[in-house]
Amino acid sequence: MDQDLPVFIKPLEVEIEGAGQYRHAETVQDLAAMLLGGRWPEGKGKKFHTALWRSMEAIEWYVAADTARAAFVEAAHEVGMHVLPDDVAEARKAS
């Protein structure tokens with residue numbers, strides 16, 4: 001598979017740069033870069049490795065991009081990061 005081809009996802013914003021500072025992602029490659037970029041919190045969390053693995057699988061097209069995106073959101077939530085628009089949708093469901 002050509003790893004230079006972007007694997008698009010439903011865009012998201014993740015609070016990885018600190019409180020109120022969001023970073024944008026439109027591709028699985030963007031997700032992998034955030035996971036590997038050195039800004040992920042210490043300890044990473046149990047779901048970090050699953051998110052990274054799913055991202056690599058999606059880049060190789062072994063799994064759907066939505067699977068990688070969902071794993072990334074779970075990993076972000078596990079370490080206390082906010083993810084938009086996912087968190088807004090969950091808040092609306094709860095109210």
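Reader: Which residue takes a positive phi just after H3?

Author: Gly 80 does, at about 85°. Helices here are DSSP runs of H or I with at least four residues, strands are runs of E with at least two, and both are numbered from the N terminus. This is a predicted model, where local features need pLDDT of at least 70, side-chain atom pairs count only at pLDDT 80 or more, and totals for chains, interfaces and linings use all residues. Residues are numbered from 1 along each chain as its sequence is written, and side-chain values use heavy atoms, with hydrogens and water left out.

Reader: What span should H3 have?

Author: H3 has 14 residues, so at 1.5 Å a residue it should span 20 Å. The expected span is 1.5 Å times one less than the number of residues. The end C-alpha atoms of H3 are 20 Å apart, which agrees.

Reader: Which residues in H3 are buried?

Author: Ala 65, Ala 68, Arg 69, Ala 71, Phe 72, Val 73, Ala 75 and Ala 76. Buried means under 20% relative accessible area, exposed over 50%, partly exposed in between (1.4 Å probe, protein chains only).

Reader: And what covers them?

Author: The cover includes strand S1 (8–14), H1, helix H2 (47–59), strand S3 (83–84) and helix H4 (86–94).

Reader: Take H1. At what angle does it pack on H3?

Author: About 30°, with the axes 10 Å apart. Axes are lines fitted to C-alpha atoms, for helices over the stretch in contact, and angles run from 0 to 180 degrees between N-to-C directions. H1 and H3 are therefore roughly parallel (an angle under 35 degrees).

Reader: Which residues meet there?

Author: From H1, Val 28, Leu 31, Met 34 and Leu 35. From H3, Ala 65, Ala 68, Arg 69 and Phe 72. Contact means heavy atoms within 4.5 Å.

Reader: New topic. Ser 55: buried or exposed?

Author: Ser 55 counts as buried, because its relative accessibility is 0%. Ser 55 is in helix H2.

Reader: What does Ser 55 touch?

Author: Val 28, Leu 31, Ala 32, Leu 35 and Ala 68, leaving out residues up to four places away in sequence.

Reader: Where does Pro 11 lie?

Author: In strand S1. Pro 11 counts as partly exposed, at 40% relative accessibility.

Reader: What is Pro 11 in contact with?

Author: His 24, Ala 25, Glu 26, Arg 69, Leu 84 and Pro 85, setting aside neighbours within four places in sequence. Leu 84 is 73 residues from Pro 11 along the chain, yet their C-alpha atoms are separated by 8.8 Å.

Conventions. Parallel < 35°, antiparallel > 145°, perpendicular 65-115°, else oblique.
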